[in-house]
Amino acid sequence: MIIDELKKIKDDAVGELEKVENLKDINEIKVRVFGKSGLLTALSKGIKELPIDQRPLVGAKINDVRIFLQEKISEKEFFLEKQELENKLANEKIDITEPGKDVIVGALHPINDVIDKLTDICVSMGFSVVEGPEIESDYYNFEAMNIPKNHPSRDMQDTFFITDEILLRSQTSAVQAREMEKRKPPFKIVCPGKTYRNDSDATHSPIFNQLEGLVVDENVSMADLKSMLTILMKRLFGEDTAIRFRPSFFPFTEPSIEVDVSCPNCHGKGCSTCKGTGMLELLGAGIVNPKVLEMSGINSKKYKGFAFGFGLDRTAMILDSINNIKNLYRNDIRFLSQFK
Ligand code: DAH
């Protein structure tokens, strides 16, 4: 009887092992046959019920089946492990001949590119980079810059007023007084940022960008301003750039100058970029009016200053040959992706 059962256990297990397809199912067979309450274990327990002379023979037979099945299971386990590994390797195979996918790389906006270039040059000359609010008070934008209410020079800056006293800053010069109130001379600051005026054509946009510079120290002179701007322009447009200083007027500087550079497009010969003049007007500058220093709490007997204001859109348009300022603010990806 036991021998019949043993044969059935063996045949069943062999049959199952043939069909088994994964290691988990093999484990189930192992538990069922060899486990604590497994089939072979139960059978072994029955030996003691047999007549003494039969016990060694039956015991030995059960043991043979145990060894036989253990070997079969090991073989199958080895086979399935190998198969699993092969599948895994096949699935993880990398085809190194397959062409790669293109990575989309962005580019700096032409304005940010100019800001980076200019501020880098200024930082290399010891300037700190600062920021100021775009929504500004009439005081910082105009009055502290020696442009009182009803001053005729306000006319040139078609300002967006929010209330009588609050406006969208029309010039980054507004940061000058803010910084003078905060800092103790000597100091050198530049402030790039957005500015706003009610003006719109191919070369004017209601939103545009400027870069303001201010140096306050003892013994600051027009010679310092001119040499600093010469270095700045040559580093930005190239060593062979010619620079022209012209007298001008701004209420916050005295004396005031305007600065032109030779057209980087035609090198002074005359072309459509410079409207045939060979030169491009890029910035206003001057020696800070002592009145402006005093209004912001700086002793004008001891300290002097020079300041400059750059048009960044113009600069970007020249450097990148852009013919309409509006392109800088449309965020058209077809336009922007040209500047990679
Ligand atoms: N704020 C002037 C403008 O927007 C530009 C300017 C001129 C800035 C002379 C300055 C300066 O700092 O000294 O037209």
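What distance separates the centres of domain 1 and domain 2, taken over C-alpha atoms? In this predicted model, local features require pLDDT of at least 70 and side-chain atom pairs pLDDT 80 or more, whereas totals for chains, interfaces and linings use all residues. Residues are numbered from 1 along each chain as its sequence is written, and side-chain values use heavy atoms, without hydrogens or water. The centres of domain 1 and domain 2 lie 90 Å apart, the protein chain being assigned domain 1 (2-91) and domain 2 (110-339), with bounds from an automatic or database domain assignment.

Seven strands form an open sheet in the order 1-4-5-9-8-7-6, with mixed pairing; strands (DSSP E runs of at least two residues) and helices (H or I runs of at least four) are numbered from the N terminus, and two strands pair if DSSP finds at least two bridges between them. Strand 1 (128-129) and strand 6 (243-250) each have a single partner strand, so one side of each lacks a neighbour in the sheet. Strand 5 and strand 9 run antiparallel and are joined by eight bridges, and V215 stands opposite F306 in strand 9.

The axes of helix 5 (residues 110-124) and helix 10 (residues 312-319) come within 9 Å and cross at roughly 100°, which means that helix 5 is roughly perpendicular to helix 10 (65 to 115 degrees); axes are lines fitted to C-alpha atoms, for helices over the stretch in contact, with angles from 0 to 180 degrees between N-to-C directions. The contact (heavy atoms within 4.5 Å) involves P110, I111, V114, I115 and L118 of helix 5 and L312, D313, T315, A316 and L319 of helix 10.

Methods. Angles under 35 degrees count as roughly parallel, over 145 as roughly antiparallel, 65 to 115 as roughly perpendicular and the rest as oblique.
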